[in-house]
Amino acid sequence: LNRHYFALPTNPGEQFFMFCTLAAWLITKAGRPFEQPQEYDDPNATISNILSELRSFGRPVDFPPSKLKAGYGEQVCYVLDCLAEEALKYTGFSWKRPAYPTEEPEEEEITEDDAELILNKLQEDVVEEESDNEENLIDLNVLKAQTYRSDMNDSAKQEEILQSTTDTAEWNLEVERVLPQLKVTVRTDNKDWRIHVDQMHQHKDGIESSLKETRGYLDKLHNEIGRTLEKINSREKYINNQLEHLVQEYRSAQALLSEAKEKYQEGSGGVTERMRAFAEITEVLERVKQETEEKGSSMTDGAPLVKIKQALTKLKQETIQMDIQIGVMKHTLLQSKLREKSDMTRDMHATIIPKATVGAY
């Protein structure tokens with residue numbers, strides 16, 4: 001994937017599937033179990049799962065989920081960026097210092113297409129090189145001896161060479177063969193100050209040429225703006241002179257309006273106070289009405305009497321039952337007393353022994 005894959009629309013279906021796959025992989029890298037989405041899964045469910053995981057990481061989601069269905073855009077890049085940061089945090093990734101490669105000096109290549117140097121420029125370069133190497137001084141006596149020896153050798157060679165045996169065609173062929181190697185070429189360096197100066201001159205000429213054209217347009221525009229301003233000023237003065245009485249009337253009407261507004265504000269203040277007092281009185285009146293209604297309803301309502309009658313009838317029934325229970329208890333008590341009395345008399349009669357029986361013993 002290139003770095004602009006999720007920024008520009010190319011193939012929405014493919015981009016959406018790649019987004020879901022990459023998001024699932026980043027979530028698993030961040031330490032959360034996430035099922036890898038398939039191509040035919042429901043996109044709404046997949047997007048909701050991804051956004052829920054993103055919210056669980058504490059990242060805000062302030063856009064609708066439908067923005068992610070296209071598979072590209074700002075929201076897609078935001079989701080992938082947040083998930084990538086969480087994955088890097090979980091894996092403990094840390095940036096290290098950059099290791100710069102060692103730069104090797106480039107070998108200068110001589111091409112046949114480079115331009116030849118002019119003789120004057122070559123002489124200037126030679127003079128600069130000689131000025132740079134002023135420390136290497138040459139002994140004049142040694143130089144004279146070398147020139148004398150070379151002159152002697154040349155004179156001896158000239159005496160020996162009496163006739164040339166070189167063919168003209170071979171000479172031309174050799175010249176054509178050696179000519180590219182004899183060209184003095186210099187590679188253009190963008191860091192050279194001469195190139196910068198030439199560029200500055202070119203830009204200066206371009207700026208001056210464009211400035212001449214734009215200056216004419218600007219002058220015309222300035223003149224037109226000045227004329228329109230003068231027209232506006234004159235028209236404004238004319239309107240002010242023609243509408244001076246209307247302006248005075250407007251000012252007087254505005255003053256009257258301000259006075260009326262002040263009076264209205266004063267009156268509205270009194271009205272608001274009276275409205276507040278009226279509201280309080282109405283609240284008290286409603287409360288009194290409610291109390292009177294409750295009292296009247298309690299006085300006219302027969303429900304308490306019915307309840308009292310029901311209670312009296314219930315009490316009568318209870319008293320009747322109590323009377324019955326008391327009579328039953330009295331009867332049982334009387335029977336128990338009579339039984340005790342009969343038992344007592346029987347016991348008393350049983351203790352008296354007859355006299356006939358005593359003599360017999």
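Biologist: What should I know about the model and its numbering?

Modeller: The model is predicted, so local features need pLDDT of at least 70 and side-chain atom pairs count only at pLDDT 80 or more, while totals for chains, interfaces and linings use all residues. Residues are numbered from 1 along each chain as its sequence is written, and side-chain values use heavy atoms, with hydrogens and water left out.

Biologist: How many helices and strands does the chain have, and what makes a stretch a helix or a strand?

Modeller: The chain has ten helices and zero strands. Both are DSSP runs numbered from the N terminus: a helix is H or I over at least four residues, a strand is E over at least two.

Biologist: How do you know that the length of H3 is what a helix should have?

Modeller: The expected span is 1.5 Å times one less than the number of residues. H3 covers residues 74–91, 18 residues, which should span 26 Å, and its end C-alpha atoms are 26 Å apart, so the two agree. After H3 comes Gly92, with a positive phi near 70°; after H1 comes Gly31, with a positive phi near 90°.

Biologist: Why is Arg59 called buried?

Modeller: Buried means under 20% relative accessible area, exposed over 50%, and partly exposed in between (1.4 Å probe, protein chains only). Arg59 has 17%, so it counts as buried. Arg59 lies in the loop between H2 and H3.

Biologist: What makes the pair Arg59 and Glu86 a polar contact?

Modeller: The term needs a pair of N or O atoms within 3.5 Å; within protein, one must be able to donate a hydrogen and the other to accept it, and residues adjacent in sequence count only if both atoms are side-chain atoms. The side chains of Arg59 and Glu86 are joined at 3.3 Å. Contact in general means heavy atoms within 4.5 Å. Leaving out residues up to four places away in sequence, Arg59 touches Leu54, Tyr78, Cys82, Glu85, Glu86 and Lys89.

Biologist: How do you know that the buried residues of H3 line one face?

Modeller: Those residues are Val76, Val79, Leu80, Cys82, Leu83, Glu86 and Ala87. Seen down the axis they fall within an arc of 160°, so they line one face of H3. The arc is that of the directions from the helix axis to the C-beta atoms. On the other side of H3, Glu74 and Lys89 are exposed. The cover over the buried residues of H3 includes H1 (12–29) and H2 (43–56).

Biologist: Which residues of H1 are buried, and what do they pack against?

Modeller: Gln15, Phe16, Phe19, Cys20, Ala23, Ala24, Leu26 and Ile27 are buried in H1. Their arc is only 165°, which puts them on the same side of H1. The buried residues of H1 pack against H2 and H3.

Biologist: What makes a set of residues a nonpolar core?

Modeller: Its members are buried Ala, Val, Leu, Ile, Met, Phe, Trp, Tyr and Cys residues joined through side-chain atoms within 4.5 Å. The largest such core has 25 residues, and those touching the most other members are Phe19, Leu51, Leu54, Leu68, Val79, Leu80 and Leu83. H1, H2 and H3 each give two or more residues to this core, and H1 gives the largest share, seven residues.
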